[in-house]
Amino acid sequence: MRCMSERLYFRQLLSGRDFAVGDPVATQMRNFTYLIGDRDTREAVVVDPAYAIDDLLGVLEDDDMRLVGVLATHHHPDHVGGDLLGFSLPGVAELLSRVQVPVHVAAAELEWVHRTTGVSKTDLVAHDHDDRLDVGSIAIRLLHTPGHTPGSQCFLLDGALVAGDTLFLDGCGRTDLPGGDVDAMYRSLRWLANLPGDPVVYPGHWYSAEPSASLSNVRRDNVVFRPRSLEEWRTLFGG
């Protein structure tokens, strides 16, 4: 497992504990938001901002970091804001009203993010699989991993895999919601399992005992990696 460089700025923030404290939805959903940047240039991006935008911007300000972009793993409101089960969650739209930065999405997710958040398509930057985004000297690979949604994406950087709702430490994202695809999820998980370098997996929710784990440990312990064929996967997880 490769350690992160000293230049990398990386923070894993839990909704309801590290920000949006006292928000019952944020506390129940247990979302992780990530701040990633370059400590030398002081530039940073935020992954999946929702619930309490001023709190997240406040963390960056306290750390003397400047926001230069948003990375969205997928379009669900608990990750980017929007209407969820009768609640209106703040997110990308509220962030853009405070600071104008590009919002980086997978090309297959652009229309979904636009509809969920209401932000203009001109605010969204569409990416293909394995595009690279540089934040200062920090290179981030944008990996298209459909299954949970058509344009779900993960972010690979300097010893870390920010996996959104594609891969949790225990389990994976649901495929029975609009845009979900059981077969695509199988292929995405198999592809992630073969990433080199044994990065640390940082999931989109805290649904496990630990908040992160090496990919080798996740491959060993996570039930989603037990099926050895698509047919076996469909039998176990296709219902």
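**Annotated span and main features**

Modeller: UniProt, in an unreviewed entry, lists residues 30-205 for "domain: Metallo-beta-lactamase". Please bear in mind that this is a predicted model.

Biologist: How far apart are the end C-alpha atoms of residues 30-205?

Modeller: The end C-alpha atoms of that span lie 6 Å apart. The span is 23% helix and 33% strand.

Biologist: Turning to the open sheet, in what order do its six strands come?

Modeller: The order is β9-β10-β11-β12-β13-β14, and the pairing is mixed. At the edges are β9 (131-135) and β14 (213-214), each of which pairs on one side only.

Biologist: How many bridges join β13 to β14?

Modeller: Two bridges join them, and the strands run antiparallel. Strand β13 covers residues 200-203. Val 201 has Ala 213 in β14 as its bridge partner.

Biologist: Where is Ile 138 placed, and is Ile 138 buried or exposed?

Modeller: Ile 138 belongs to strand β10, residues 138-144. Its relative accessibility is 6%, so Ile 138 counts as buried, the cut-off being under 20%.

Biologist: Which residues does Ile 138 touch, leaving out those up to four places away in sequence?

Modeller: Ile 138 touches Arg 7, Leu 8, Ile 36, Gly 37, Asp 38, Leu 133 and Leu 157.

Biologist: Let us move to the helices. Which residues of α2 are buried?

Modeller: In α2, residues 53-62, the buried residues are Ile 53, Leu 56, Val 59 and Leu 60. Viewed down the axis of α2, these buried residues fall within an arc of 125°, so they line one face of the helix.

Biologist: And what do the buried residues of α2 pack against?

Modeller: They pack against the strands β1 (8-14), β2 (32-38), β3 (43-47) and β4 (66-71), and against helix α4 (92-98). The face turned away from the buried side of α2 carries the exposed residues Glu 61 and Asp 62. Just after α2, Asp 64 takes a positive phi of about 60°.

Biologist: Which residues are buried in α5?

Modeller: Leu 110, Val 113 and Thr 117 are buried in α5. Their arc, seen down the axis of α5, is within 65°, so these residues line one face of the helix. They pack against α3 (77-80), α4, β7 (103-106) and β8.

Biologist: What lies in the loop between α5 and β8?

Modeller: Asp 123 lies in that loop, with α5 spanning 110-117 and β8 spanning 124-127. Asp 123 is buried yet has no salt bridge.

Biologist: Which side chain of opposite charge is nearest to Asp 123?

Modeller: That is Lys 121, which is 12 Å away. Asp 123 touches Leu 96, Gln 100, Val 101, Pro 102 and Val 103, residues up to four places away in sequence not being counted.

Biologist: How many salt bridges does a search of the whole structure find?

Modeller: The search finds 14 salt bridges. Among them is the pair Asp 183 and Arg 234, whose closest N and O atoms are 2.6 Å apart. This pair links distant parts of the chain, with Asp 183 in helix α6 (residues 182-193) and Arg 234 in helix α8 (residues 230-237), 51 residues apart. Arg 234 counts as partly exposed, at 39% relative accessibility.

Biologist: What about Arg 174: which residue is its salt-bridge partner?

Modeller: The partner is Asp 176, with the closest N and O atoms 2.9 Å apart. Arg 174 counts as partly exposed at 47% relative accessibility, whereas Asp 176 is exposed, with a relative accessible area of 57%.

Biologist: Lastly, where do Arg 220 and Asp 221 stand?

Modeller: The side chains of Arg 220 and Asp 221 meet in a salt bridge, at 2.8 Å from N to O. Arg 220 is exposed, with a relative accessible area of 59%, and Asp 221 counts as partly exposed at 42% relative accessibility.

Notes:
Residues are numbered from 1 along each chain as its sequence is written. This is a predicted model: local features need pLDDT of at least 70, side-chain atom pairs count only at pLDDT 80 or more; totals for chains, interfaces and linings use all residues. Side-chain values use heavy atoms; hydrogens and water are left out. Two strands pair if DSSP finds at least two bridges between them. Helices (H or I, at least four residues) and strands (E, at least two) are DSSP runs, numbered from the N terminus. Buried means under 20% relative accessible area, exposed over 50%, partly exposed in between (1.4 Å probe, protein chains only). Lys and Arg count as positive and Asp and Glu as negative; His and the chain ends are not counted. A salt bridge is a side-chain nitrogen of Lys or Arg within 4 Å of a carboxyl oxygen of Asp or Glu. Contact means heavy atoms within 4.5 Å. The arc is that of the directions from the helix axis to the C-beta atoms. UniProt positions are given in the numbering used here, feature names are shortened, and annotations may be inferred rather than shown by experiment.
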